Amino acid sequence: MKKIMIIDGGPRKTFNTASMLKKFAEGATSVSDQIEVKTVRLYGLDYKGCMSCMVCKIRGKVSNVCKFKDALTPVLQEVAEADGLVLGSPNYFGEITAQMRAFLERLAFAWLSYNDHSLTAPKRMPVVLVETQNGTKEFNNCNGYGTMEYSITQALGEPEKLIAYNTYQVKNYDNYELRGFSEPDKRKYREEHWEEDLQKAFDAGKRMAECIKDK
């Protein structure tokens, strides 16, 4: 059976990022019952970023999967053996969440050779990067997955990107000090675009599943 790993780097279980990833999973599972889709919520795990233990670089025992033992260790092994990878994160201060960054440190450092500076994953696979953000398409400070995107591209292949702009931050703006945003404008944008964003996620899931099902 083929397997797609979805890594949710957002803190909310049912909000924007989680909703996009859920739709992606629905799209993937609609293609074949021979494709397992597993979602891992990083905020539910107790782990750290790269510990610089250098175990993955020991001469004669080099590994392209992180060997530091904590709750993330089995997830990294599952990603190494998967057939497709989806990463999802909201935008915080122009970047992915700290949890997603820590995950990517652990994922990518083991790929990096300090002999020739190549980046080699256990195997290449299709990748989708999902971002949700408060900014609009025209005005935002998003650096997306930043320098980690280069590592992902070199080791796994060119990723597909899905970005949901101008998302709701809360369900009821009246309860929060958020006067810098026009709730009516955001609601109008959401009514016009959110279902389209979810459909794009669903369609991306179908594309990935179609890509891997017969390989």
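Predicted model: local features only at pLDDT ≥ 70, side-chain atom pairs only at ≥ 80, totals over all residues.

Let me begin with the interior. In general, nonpolar side chains in soluble globular proteins tend to be buried together. Here, the largest nonpolar core has 33 residues. Those with the most contacts inside this core are Ile7, Leu85, Leu87, Met100, Phe103, Leu104 and Leu156. Which elements supply at least two residues each? They are strand E1, residues 2–8; helix H2, residues 73–81; strand E3, residues 84–90; helix H3, residues 98–109; strand E4, residues 127–132; and helix H4, residues 146–156. H3 gives the most to the core, namely six residues.

Ile7 deserves a moment on the screen. If we set aside its neighbours within four places in sequence, Ile7 is in contact with Leu21, Val40, Leu42, Val75, Val79, Leu85, Val86, Leu87, Gly88, Met100 and Phe103.

I turn now to helix H2. Its buried residues are Thr73, Val75, Leu76, Glu78, Val79 and Ala80. Against what do the buried residues of H2 pack? Their partners are E1, strand E2 (35–41), E3 and H3.

Consider Ala80, which lies in helix H2. Its relative accessibility is 13%, and because buried means under 20%, Ala80 counts as buried. Residues up to four places away in sequence aside, Ala80 touches Val65, Pro122 and Lys123. Ala80 and Met5 are 75 residues apart in sequence, yet their C-alpha atoms are 9.7 Å apart in space.

The side chain of Arg106 is joined to that of Asp70 by a polar contact of 2.9 Å. Not counting residues up to four places away in sequence, Arg106 touches Tyr47, Lys48, Gly49, Cys50, Cys66, Phe68, Asp70, Leu72, Thr73 and Leu76.

Rolling a probe the size of a water molecule over the atoms shows where empty space is left. The largest pocket has a volume of about 350 Å³. It is lined by 17 residues, and Asn16, Pro90, Asn91, Tyr92 and Gln169 are the closest to its centre. Helix H1, residues 16–29, provides the largest share of this lining, with three residues.

How many cavities of 30 Å³ or more does a search of the whole structure find? The search finds three. The largest cavity has a volume of about 100 Å³. Of its 14 lining residues, Cys50, Cys53, Cys56, Cys66 and Phe109 lie nearest the centre. The lining of the largest cavity divides into 10 nonpolar residues, one polar and three charged.

The second largest cavity holds about 70 Å³ of space. Leu76, Ala80, Leu107, Trp111 and Pro122 are the closest to its centre, out of 13 lining residues. H2 and H3 are the elements that give two or more residues to this lining, and H2 gives the most, with three. The lining of the second largest cavity has 11 nonpolar residues, one polar and one charged.

I close with the loops. Ser52, in the loop between E2 and H2, has a positive phi of about 55° although it is not a glycine. Ser52 is exposed, because its relative accessible area is 54% and exposed means over 50%. His117, in the loop between H3 and E4, is likewise not a glycine and has a positive phi of about 65°. With a relative accessible area of 58%, His117 is exposed.

Gly135, finally, is found in the loop between E4 and H4. Beyond residues up to four places away in sequence, Gly135 touches Asn140, Tyr165 and Asn166. The C-alpha atoms of Gly135 and Trp194 are separated by 14 Å, with the two residues 59 apart along the chain. Thank you for your attention.

Technical notes:
Residues numbered from 1 in each chain as written. Heavy atoms only, no water. Core = buried A, V, L, I, M, F, W, Y, C linked by side-chain atoms within 4.5 Å. Buried < 20%, exposed > 50% of the residue type's maximum accessible area, 1.4 Å probe, protein only. Helix = DSSP H or I, 4+ residues; strand = E, 2+ residues; numbered from the N terminus. Contact = heavy atoms within 4.5 Å. 1 Å grid on protein atoms, 1.4 Å probe; cavity = no way out; pocket = protein on both sides within 12 Å on 5 of 7 lines; lining within 4 Å. Points joined across faces, edges and corners; volume = space filled by probe spheres on them. Nonpolar A, V, L, I, M, F, W, Y, C, P; charged D, E, K, R; others polar. Polar contact = N/O pair within 3.5 Å; in protein donor to acceptor, adjacent residues only side chain to side chain.
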